[in-house]
Amino acid sequence: MAQLTCKDVSLGYEGHVILSGLDFTVNAGDYLCIVGENGSGKSTLMKTILGLQKPMGGSIAFGDGLRTNEIGYLPQQTQVQKDFPATVWEIVLSGCQARAGNRPFYSKEEKEMARKNMEKMNITQFSKRCYRELSGGQQQRVLLARALCATRKILLMDEPVSGLDPKVTLEMYQLIEQLNREDKVTVIMISHDITAAVHYASHILHIGHEIFFGAKQDYLQSDLARRFLALEGGKTK
């Protein structure tokens, strides 16, 4: 079932169109990687899906009972976020904020969800630790647990392994793959790591001067993929 459908979407900012004619559909259980050159509009697309800005043309529709506030989002980390002075528990639980609405407290069910997601990310032992005291990989696990508190259906991630060492990067990719395959969470990920994109994804959206959307294997057989992989030094295996 389609959870997200983009039809003839144009993206941009301050009246300047940077991408147009974008058509793609994300079904429940897909693992979509968004790739392309720097400045091609990947992060702008993510913000538009999240409702943080409006498309300059076309339409973005949600299905499968999905609402905007039920999308889990893992953004690129800034230095300010890395130094955030809150406990791990407080940050993870804040992922339930959209569910809580105007309530000035979190319900028993929401707290239990936060605990379970911390267990899933293996960060329960850091519950009372200050977030900024953690390593980069541990911080990403915290933010992923937070994102899972916002959704049971779909996760949007913007460069989730940026700045992590190879071992931690592999662990993050394996966690995300597990969420997709075992928990049936739909994944939409922006990635500059083309090798990982073509390894883990079920579908690829390549945006830029040329646009491709389709199954990973079809992308790998395209001239666009061959040129981009050669440019980025990516590997298909």
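Select helix H5 (residues 108-120) and helix H6 (residues 136-150): their axes come within 9 Å and cross at roughly 140°. The model is predicted; local features need pLDDT of at least 70, side-chain atom pairs count only at pLDDT 80 or more, and totals for chains, interfaces and linings use all residues. Residues are numbered from 1 along each chain as its sequence is written, and side-chain values use heavy atoms, with hydrogens and water left out.

Helices here are DSSP runs (H or I, at least four residues), numbered from the N terminus. Axes are lines fitted to C-alpha atoms over the stretch in contact, and angles run from 0 to 180 degrees between N-to-C directions.

H5 and H6 are therefore oblique to each other; angles under 35 degrees count as roughly parallel, over 145 as roughly antiparallel, 65 to 115 as roughly perpendicular and the rest as oblique. Now show the side chains. On H5, the contact (heavy atoms within 4.5 Å) is made by Met113, Ala114, Asn117, Met118 and Lys120. Ala145, Leu148 and Cys149 make it on H6. These residues divide into 6 nonpolar, 1 polar and 1 charged (Ala, Val, Leu, Ile, Met, Phe, Trp, Tyr, Cys and Pro count as nonpolar, Asp, Glu, Lys and Arg as charged, and the others, Gly among them, as polar).

From H6, select Gly137, Gln140, Arg141, Leu144 and Leu148; from H7, select Val168, Glu171, Met172, Leu175, Ile176 and Leu179. This contact has 7 nonpolar, 2 polar and 2 charged residues.

Definitions and conventions
Helix = DSSP H or I, 4+ residues; strand = E, 2+ residues; numbered from the N terminus.
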